Amino acid sequence: MEDPATSPRTPLAAFNSGVRAERRGAVDEAKLHYGHATSKGHPKALHNLAVLTEKTDPEAAVALFRQAAKKGMVEAQYALGMHLKDGRGVEQNAAQAAVHLR
């Protein structure tokens, strides 16, 4: 496998490699590819990386969801709102949750 961190590939190519790895169940590989795509500004990769990170590190996932939401990812905005509503990885805040869930 090519090292995504040193690959000259485009963010879209790295994202697509992440999707393929995730579908195969290769979560760690998918995270590497999504990480490469996010370093190049790919918003959907931010969201997907957050989803894969959610269970093991909810605080990191919230930070990723927040970044993706700022880039216009509706799915990330919803996920961020749910984390705020439930207090997962972030202090519970119903008012902020409502802003993201509207």
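Phe15 is buried, and Tyr34 is buried as well, where buried means under 20% relative accessible area, exposed means over 50%, and partly exposed covers what lies in between (1.4 Å probe, protein chains only). The model is a predicted one, in which local features need pLDDT of at least 70, side-chain atom pairs count only at pLDDT 80 or more, and totals for chains, interfaces and linings use all residues. Residues are numbered from 1 along each chain as its sequence is written, and side-chain values use heavy atoms, with hydrogens and water left out.

A pair of aromatic rings is described by the distance of the centres and the angle of the planes. A search of the whole structure finds one aromatic pair. Phe15 and Tyr34 form this pair, with 5.7 Å from centre to centre and 40 degrees between the planes, which makes it tilted. For such pairs, rings of Phe, Tyr and Trp (its six-membered ring) must have centres within 6.5 Å; planes under 30 degrees apart count as stacked, over 60 as edge-to-face and the rest as tilted. The pair links distant parts of the chain, since Phe15 sits in helix H1 (residues 11-24) and Tyr34 in helix H2 (residues 27-39), 19 residues apart. Helices here are DSSP runs (H or I, at least four residues), as strands are (E, at least two), numbered from the N terminus. Leaving aside residues up to four places away in sequence, Tyr34 touches Phe15, Gly18, Val19, Glu22, Ala45, Asn48, Leu49 and Leu52, a contact being heavy atoms within 4.5 Å.

Helix H4 deserves a look of its own. H4 (residues 58-70) has 13 residues and reaches 18 Å from its first C-alpha to its last, close to the 18 Å expected at 1.5 Å a residue; the expected span is 1.5 Å times one less than the number of residues. Its buried residues are Ala61, Val62, Leu64, Phe65, Ala68 and Ala69. Seen down the axis of H4, these buried residues fall within an arc of 165 degrees, so they line one face of the helix. That arc is taken from the directions from the helix axis to the C-beta atoms. Exposed Glu59 and Lys70 are carried on the face of H4 turned away from its buried side. Helix H3 (43-53) and helix H5 (74-86) are among what covers the buried residues of H4. Just after H4, Gly72 takes a positive phi of about 95 degrees.

Next comes H5, which also has 13 residues and reaches 18 Å from first C-alpha to last, close to the expected 18 Å. Ala76, Ala79, Leu80, Gly81, Met82, His83 and Leu84 are buried in H5, and the cover over its buried residues includes H3, H4 and helix H6 (94-101). His83 has a relative accessible area of 1%. Its contacts, again without residues up to four places away in sequence, are Glu54, Val62, Phe65, Arg88 and Val90. Just after H5, Gly87 takes a positive phi of about 70 degrees. In helix H6 lies Ala95, which counts as exposed at 56% relative accessibility.

Charged side chains complete the picture. Side chains of opposite charge can pair when their charged atoms come close. The structure holds five salt bridges, each a side-chain nitrogen of Lys or Arg within 4 Å of a carboxyl oxygen of Asp or Glu. Glu29 forms one with Arg24, the closest N and O atoms being 2.7 Å apart, and Arg24 is exposed at 54%. Asp86 is bridged by Lys85, with closest N and O atoms 3.1 Å apart, and by Arg88, with 3.6 Å. Lys85 is partly exposed at 41%, as are Asp86 at 36% and Arg88 at 36%. Salt bridges that share partners join Glu54, Lys85, Asp86 and Arg88 into one network.
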